[in-house]
Amino acid sequence: MKNFFKLLNFELNRFSKLYFVLLSSIGIIQIIITVLKARAYLTRANNAVLKGGMTQHEFIEMYSKFSMIDVIHSILFAGTLAIGIAAILFYIFFIWYRDWFAKNTFVYRLLTLPTSRMNLFFTKVITIMMSVLGLVTFQLMMLNIEKTIVKWIIPKVYREDLRIVDMVSASEYLPIILPQGIAEFFIAYGLGLGFVVIVFTAILFERSFRLKGIIFGLLYAFISITIFILPITIQLLMYENLYLYPMELLFVQAVTWAVIVAASLLVSRYLLKNKVTV
Amino acid sequence: MIEVKDITKSFGRKRVLNGVSFTANKGEITCLIGVNGVGKTTVMNAIMGLTPLKSGEILIDGKKLTKESYEQITFIPDTITMPPTMRIKDAFDFMNDFYQSWNQKRAEELLTFFKLQKDDRISDLSKGNKAKVNLLLGLALDVDYVLMDEPFSGIDIFSREQIANVFTSHLIEDRGVIITTHEIGDIEHLIDRVVLLNNGVVVSEFNAEQVREEQGKSIVDVMREAFHV
Amino acid sequence: MRKYWKTIALSVFIVIGISMFYINVNTVTKEFPRFNFKIIEGNEEAVDKLVINGDLYNGMTNFEQFRVNSTGTTYLRDEPFSKRIIGYYQDIYGEDLQKEYRTFMRGKSTDPAKFYETDEILAYAETPYSFWSYDTYEFEIDILNKKTKKTVSFSTPIPDRANYWYVAPYGVYVDENEISIITLNEQVNEDVIENTSVHVYTYNIDTEQLVGEEVIDSLNYSSSEDGYNDIQVMAIDENIFISQQKVNYIETEDDFAYEKVNTEKIIHYNVNTHTKEEFTLPEKQEIGMPITIIGDELFLASINDNKLEIISLNLIEGEINSQKEIEVSNSFLSLYDLYQAKVKDGKYYFIPSSEDFNETTMITVVDLESLTVDYLGEIEPVGSSAIDEEVEMYFSYPELRK
């Protein structure tokens with residue numbers, strides 16, 4: 001356990017610089033978007049009211065008030081979320097391959113540590129999950145900051161102040177990473193965790209059998225995901241009105257999830273112990 | 001004692017090890033020699049559990065390799081085993097964190113011996129110095145067996161001298177060493193046992209001193225005969 | 001410990017950030033409007049079983065579902081996970097059936113028209129979609145014996161299915177060992193639904209064989225600038241009432257159009273005796289749309305100048321017995337409000353989905369037999385939960401608990 005935390009700390013520290021750069025770029029871009037959007041609105045409002053002879057009320061009637069939604073709904077904002085997601089997806093692969101590739105083959109050291117090789121697997125999984133959650137929390141923090149920026153720029157008459165919760169649900173994408181309920185949150189991140197574990201297993205297939213391993217890995221991921229979505233797919237395709245009640249289906253899905261994750265862990269353990277090559 | 005028993009390994013259709021067997025004793029330096037490269041490193045990786053075998057087994061003091069074995073045996077490959085962004089002192093910390101067999105005192109001693117600076121970043125080091133760090137990290141572990149893969153390859157002459165000096169120092173004594181090298185000249189006089197590999201089989205396994213005394217041949221002489229050069 | 005600061009900082013950051021967000025999520029409805037039933041006159045017990053579904057649109061940001069009953073307001077997001085898992089409120093009729101007959105209800109629709117219930121049995125008939133063609137070909141019939149808990153189930157092809165574009169059940173009735181399914185069968189011509197006919201298919205439950213098929217009525221659809229015609233089926237035990245309506249578009253002085261419905265034909269069919277009779281309707285008087293039948297009295301409702309009008313028609317004499325006009329203070333009343341009104345135990349529950357937010361929505365409960373207002377009230381916002389201008393709200397439909 002001690003080794004696990006040391007390794008986890010080590011993994012997180014290795015990612016910290018890249019992670020910091022990622023967060024800062026997302027943060028800076030979002031602040032720029034917020035400032036630009038808010039100032040553009042204010043300019044338009046001032047033009048219409050001061051030069052165009054509109055009353056404030058007429059302007060608001062026509063263009064509605066400015067809120068964080070105007071920022072969140074911009075394509076650039078969605079772009080910053082995409083950067084974060086892309087970075088994490090990339091890191092899911094990079095977290096393994098960087099130890100093999102380049103001139104410095106750290107994998108020799110990692111695989112010959114006097115600790116269970118599954119610790120490597122688990123620390124990498126947790127590192128990914130913590131990176132994602134950190135990114136999500138960072139986004140929440142940014143929404144607060146951006147909200148304050150909007151307050152500075154836009155006068156109260158033109159502004160609709162929203163709660164963070166409303167900003168999240170107004171977005172097309174944010175509810176996926178921040179569902180509107182704690183149970184839904186655990187389901188979403190449980191799915192995410194399952195996905196990471198399956199991809200890791202596929203990577204280990206590749207690392208064990210190389211070219212052939214890519215096929216094994218893809219096949220493994222395909223089969224795992226197919227089995228996972230089988231209960232709900234059967235349910236949706238075969239029955240107009242659900243045969244299993246929602247909570248039963250959830251239970252079946254949870255069990256399927258557990259079986260697939262457990263199988264993935266066992267396969268990964270076998271590969272790491274017996275098949276993986278440097 | 002490390003016992004390599006009848007190990008077989010293929011890469012695709014190519015068989016690189018075909019029933020390789022030999023032993024390496026504690027307190028001796030065993031040299032794995034082969035003309036063409038592949039097999040030797042594979043043997044090292046196999047001993048360390050870093051590549052799966054088709055058949056055969058490897059025992060370390062009579063037991064199969066487990067995670068605990070890594071406190072007993074270490075591998076110094078010909079590439080550096082630490083992330084390049086690390087400073088030497090961070091690498092020390094890392095080793096200290098994970099290995100009970102890490103000997104900080106010896107590490108410091110080796111640092112002085114190799115004239116390295118603790119604050120140096122690994123990526124900034126010359127190739128020779130990188131090899132030294134690699135060696136240092138392996139040798140600072142209080143382990144019974146040390147495996148070295150081509151410790152001299154591509155390294156300047158002064159670094160080579162320094163590394164060769166390690167073999168005559170107390171840093172090596174009592175340990176079992178398996179080494180693969182092309183540059184046999186640097187350490188020929190230190191080698192106790194020789195295993196000659198060719199086309200995936202052991203063509204000859206002998207005691208260097210015995211051959212020298214009884215047949216008056218050097219290792220290179222035996223190699224010449226064995227490989228029909 | 002210093003070595004671990006980044007990991008610890010990141011963990012603390014995540015735990016605090018995510019927790020704060022979910023604490024906010026869980027308290028978000030505190031700021032939403034809440035409602036009570038406020039009695040204006042009548043008998044307060046009349047609304048004990050009444051549940052009104054509502055939707056709240058909070059600006060463009062989000063959409064919340066809620067329910068109001070006599071004890072107050074509940075938002076879907078505050079319900080336990082097991083209840084909000086499907087993403088909307090399960091209808092109460094279905095919820096009650098699923099609770100009581102969990103196994104029997106598996107894979108079944110919860111549309112009341114597809115059930116027939118007595119103290120002894122619960123029968124169900126549906127035309128399920130087939131998986132490959134996504135069309136309906138069969139009747140699925142299931143009858144639960146409540147005492148023995150045994151279920152009789154069978155599927156049987158819909159007779160002459162190829163002649164129709166669509167066949168949908170509108171009522172079920174079981175007598176001894178025969179089950180009758182009342183359907184509307186639609187026929188299309190060049191992609192336009194042209195004709196619909198009311199069929200009664202009767203099956204012997206033991207032999208699973210068709211023992212009778214009758215066409216009771218049919219309607220050729222027509223629509224014009226003035227309006228369109230429609231057909232309705234009411235199955236009350238062995239009595240089936242089919243009514244044909246004409247819906248007219250009425251334009252008011254301020255160019256506001258609404259729909260006005262008038263029934264032009266009513267047929268009664270008795271499933272047991274296979275007898276059919278057509279009633280004579282009062283001439284030159286608009287009577288609205290049927291809502292229920294009690295004894296020989298057919299009740300019809302219509303909306304005239306923002307008044308709810310209920311008529312009781314004696315079916316034997318074909319004459320209007322009594323008539324009641326009830327003032328509803330909501331500015332927008334539509335035909336839709338009539339469709340979604342509910343009848344239970346001789347009481348008619350009329351709650352319009354109000355679209356004007358400066359007024360409170362009225363609840364009107366009419367005792368049909370006496371044609372008196374049993375309860376008059378309004379859905380009143382509680383406390384200071386004023387609805388701000390960004391919020392839009394609809395009371396979508398009322399339901400009644402058992």
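A strand, in the sense used in these legends, is a DSSP run of E with at least two residues, and strands are numbered from the N terminus. With that in hand, let's look at some close-up views of this predicted model.

**View 1. C:Asp142 sits in a strand of chain C.** The strand here is β7, which covers residues 138-145 of chain C. Is C:Asp142 buried or exposed? C:Asp142 counts as buried because 20 C-beta neighbours lie inside 10 Å, and 20 or more is what the cut-off asks for. Setting aside residues up to four places away in sequence, C:Asp142 touches C:Phe104, C:Tyr124, C:Thr151 and C:Ser153. Look for C:Ser155 as well: C:Asp142 and C:Ser155 are 13 residues apart in sequence, and their C-alpha atoms are 8.7 Å apart in space.

View 2. How much of chain C is buried? Of its 402 residues, 28% are buried. Now think about which parts of the chain meet: among contacts in chain C with a separation of 6 or more, 49% join residues 24 or more positions apart.

**View 3. Chain C meets chain A through 31 residues of chain C and 36 residues of chain A.** On the chain C side, α1 (5-26) and α2 (81-84) each supply at least two residues. Which element gives the largest share of that side? Helix α1(C) does, with 11 residues. Sorted by class, the side of chain C that touches chain A holds 16 nonpolar, nine polar and six charged residues. Two pairs of chains touch in this model, and the pair A and C has the most contacts. Chain B and chain C, by comparison, are joined by no contact, and their closest C-alpha atoms lie 10 Å apart.

**View 4. B:Glu205 belongs to a strand of chain B.** This strand is β9, made of residues 201-207. Why is B:Glu205 called partly exposed? The reason is its count of 14 other C-beta atoms within 10 Å, which falls between the limits of 12 or fewer for exposed and 20 or more for buried. Beyond its neighbours within four places in sequence, B:Glu205 is in contact with B:Phe22 and B:Val195. Finally, find B:Ser21: B:Glu205 and B:Ser21 are 184 residues apart along the chain, yet 9.6 Å separates their C-alpha atoms.

Definitions and conventions. Residues are numbered from 1 along each chain as its sequence is written. Chains are lettered from A and ligands numbered from 1 in the order in which they are written. This is a predicted model: local features need pLDDT of at least 70, side-chain atom pairs count only at pLDDT 80 or more; totals for chains, interfaces and linings use all residues. Helices (H or I, at least four residues) and strands (E, at least two) are DSSP runs, numbered from the N terminus. Two residues are in contact if their C-beta atoms, placed from the backbone, lie within 7 Å. Ala, Val, Leu, Ile, Met, Phe, Trp, Tyr, Cys and Pro count as nonpolar, Asp, Glu, Lys and Arg as charged, and the others, Gly among them, as polar.
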